[in-house]
Structure formats: structure tokens, C-alpha cells
Amino acid sequence: MARLWVCAAGAVFLLAYLGLHSHICDSSFSHLHFAFKLSWGAEEILYRLDVDWPKYSEYFTGATFCVAVDSLNELVYVAQRGDNIPKVLVFTEDGYFLRAWNYTVDTPHGIFAASTLHEQSVWITDVGSGSFGHTVKKYNSFGDLVQILGTPGEKGTGLNPLQFDNPAELYIEDTGDVYIVDGDGGLNNRLIKLSQDFMILWLRGENGTEPAKFNIPHSVTIDPVGRVWVADRGNKRLQVFDKDTGEWLGAWNNCFTEEGPSAVRFTPEGKHLIIAQLNLSRLLIAVAPPVGNIGNCSVISTIQLADQVLPHLLDVSQKTGAIYVAEIGAKQVQKKVFCNEE
């Protein structure tokens, strides 16, 4: 069976710290990398930590809660929390800082970049208790507010008008349809699908452990075959729904006996899921199930981060496959790329 080699940059003492067997994947001592042998599928892939991203980490001045990749324009957006600091930082995928903005952002939780050839947009879920909180907001790439979903400053359960309580994350399809998980410990535990003109198409969930119910729905994404995946963090499972009808298709819970998932994204080809477990400071790589069969979770590799790194949310570049991880414990965003990239 072919192998996946997941690489991390650093010194030799990190191997003992991480407790992993190593293999050098870059012989240049000026760019020393270590590869960790992990079973994969049909090809050999190598990842390494991009120690040059960003070029200057001093721009991280708060707790980095979320990250979004605009693959079309090769931009990376980072949202952080803290007093008297810029809430949104904008970098290139090469790691160069471009700008920052702080307009109408109270306490960011999730962020998503939904750019097309005609428009660059950034969406933020705001869980703050101030005048901008409990909303889902759309900005242009320079931080100008374009759209507000929810009732600013007021938490609630209503649908007309739409209200949120600690909305955790969202995902925007190319069609403009919006998927929102609402309930990072608030009144609501639900998944909402909105049309491109923000009409409710379907809604699933309430607090509970049964199928299609949630306990802290924390992250949402869509796979290439039209299934919606929700990180049901408090119930220690991933739940799966049909994107068109909202029908419950199944759940994965066998991979999360220690802790539930806090984030989920797919690799560009849609064959694998990248899953974060916050308090374990761990990333899982799992095989995506075939069409029509959710089955059980099959983890093929584990990336153990340092203690108290606390990966909260993550995103994957759909152009390069690079993984960006927002780490609230380490107060930084890290980028993992293929080892053969320079």
C-alpha cells in the first residue's frame, strides 16, 4: 500500500516531543523537514509545515479563531479576537500581509471566502454580545459591510425575521446558497439553508442526541456529490444531510470517542476529509464515503499538534490543497503544504 508522508518543519527534538517516527523528505539543511509515515490510499503525498507562512507572524495580535481561503484570488483571511486590535487580517497565499480591518466586527467565530469572477466576498459569523453580535455578515475584501443576516445585537430563535444565537460557521456554494450552523452554545442547535436571496429553503435540528438533532453544531461543509457535513461537536459525531432536500443521510461517531469534531473540510479532489479536534490538538484525515453509502468513519492518518495548540477551525485551498489551521491556543494560523512545493 502506498504511503502518505505528512511533514513538519523544525528541529530534531520535535520528533521526541510529537512522538512520531521520522524520515527526512528534504535533504537541504537550510530547509530541514521531517516526514511522518502514514498509510494513505493509492498515491504518495507529502505534507510539510510552511515555516515561511506568514512572512511575519507579528501580525497575529489576538486569539485566531478562524481562517478562510479565497482560492480564486489566492488570498487568506484570518479573524482574531481581542481588544483594540484589527479583527480581520488579509494575507496572500504566499504569506505576505496586505491589509487589516475592524469594521462592524465584534467577536468573530467563523469566516468564509465566497469569491467569483465578478465579486470577492467574505462572510463572518459574529457571536459578540455587542451591537454587531449574533449575526452573519457579508463584506467585500476591503472590509466594507454588504449584507447582515440576523438581528444585530439581539439573540433569538425566530425565523421571520431571522435571528441567531452564537452562529458558529457557514458555507457558501457557487450557486450562492448559504448553509449556516447556528448554536455555538446558544439557544439554537440547527442547520439552516438559505437561497442566494436569503430565503429559508430548509431547516434541520434542535437540541438533542437523535438523528438530525445537534449539541453545538460547530462547522459545516459540502462534498462534491452534494452532501452537507456538520461537525456536531457536543454529540461527538459528524452528521450528513442531502443538500437539496435536507434529508438526514447518516452519521459518523466511531472516530470521536475521546472528543467531538470542531472543524471539517474536504481536500480539493473530495476524496478525504480534514477534521480538527480542538482540545486534543489533533487533526484527522479520513476517507470520504462513496455515493449512497455514508458507512463508518475511517481515519487513515493523525496529525498530532503540540499540547494546547487548540485547532479551532480550518480551511483548505481548493487550488493548491494547502491546509490552514486557526489555533486559538497558539494564537496563530499555520499552513501545511505538499512537501514537493518550494
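Four strands make up an open sheet in the order E17-E18-E19-E20, and their pairing is antiparallel. Two strands are said to pair if DSSP finds at least two bridges between them. Strands (E, at least two residues) and helices (H or I, at least four) are DSSP runs, numbered from the N terminus. The model you are looking at is predicted: local features need pLDDT of at least 70, side-chain atom pairs count only at pLDDT 80 or more, and totals for chains, interfaces and linings use all residues. Residues are numbered from 1 along each chain as its sequence is written, and side-chain values use heavy atoms, with hydrogens and water left out.

- E17 runs antiparallel to strand E18 (residues 227-232), and 5 bridges join the two.

- Thr 221 is part of strand E17 (residues 217-222).
- Is Thr 221 buried or exposed? Its relative accessible area is 2%, so Thr 221 is buried. Buried means under 20% relative accessible area, exposed over 50% and partly exposed in between, with a 1.4 Å probe and protein chains only.
- Leaving out residues up to four places away in sequence, Thr 221 touches Tyr 171, Arg 227, Val 228, Trp 229, Val 264, Arg 265 and Phe 266. A contact means heavy atoms within 4.5 Å.

**An annotated stretch**

- In the model, residues 205-244 are 45% strand and 0% helix, and the end C-alpha atoms of the span lie 16 Å apart.

**The sheet E21-E22-E23-E24**

- Another open sheet has 4 strands in the order E21-E22-E23-E24, with antiparallel pairing.
- Strand E21 (263-266) and strand E24 (299-304) are at its edges; each has a single partner strand, so one side of each is left without a neighbour in the sheet.
- From one strand to the next, the twist averages 20°.
- Strand E23 (residues 282-287) pairs with E24 in the antiparallel sense over 5 bridges. Ala 286 has Val 299 in E24 as its bridge partner.

**The disulfide**

- How many disulfides does the structure hold? There is 1 disulfide in the structure, counted as a pair of cysteine sulfur atoms within 2.5 Å.
- Cys 255 and Cys 297 form the disulfide, with their sulfur atoms 1.9 Å apart.
- The pair links distant parts of the chain: Cys 255 is in the loop between E20 and E21, while Cys 297 is in the loop between E23 and E24, 42 residues apart.
- The link of Cys 255 and Cys 297 is left-handed, with -110° about the S-S bond.
- Both Cys 255 and Cys 297 are buried.

**Backbone details to look for**

- Trp 53 and Pro 54 are joined by a cis peptide bond, with omega about -10°. Pro 54 sits in the loop between strand E4 (45-49) and strand E5 (63-70).
- A cis peptide bond also runs from Asn 160 to Pro 161, with omega near 5°. You can find Pro 161 in the loop between strand E12 (145-149) and strand E13 (167-172).
- Phe 198 is not a glycine, yet its phi is positive, near 70°. Phe 198 lies in the loop between strand E15 (190-194) and strand E16 (200-204), and is partly exposed at a relative accessible area of 25%.
- Leu 310 has a positive phi of about 60°. Leu 310 belongs to the loop between E24 and strand E25 (311-316) and counts as buried at 15% relative accessibility.

**The whole chain**

- The protein chain has 1 helix and 27 strands.
- Of its 342 residues, 55% count as buried.

Conventions
Axes fitted to C-alpha atoms, helices over the stretch in contact; angles between N-to-C directions.
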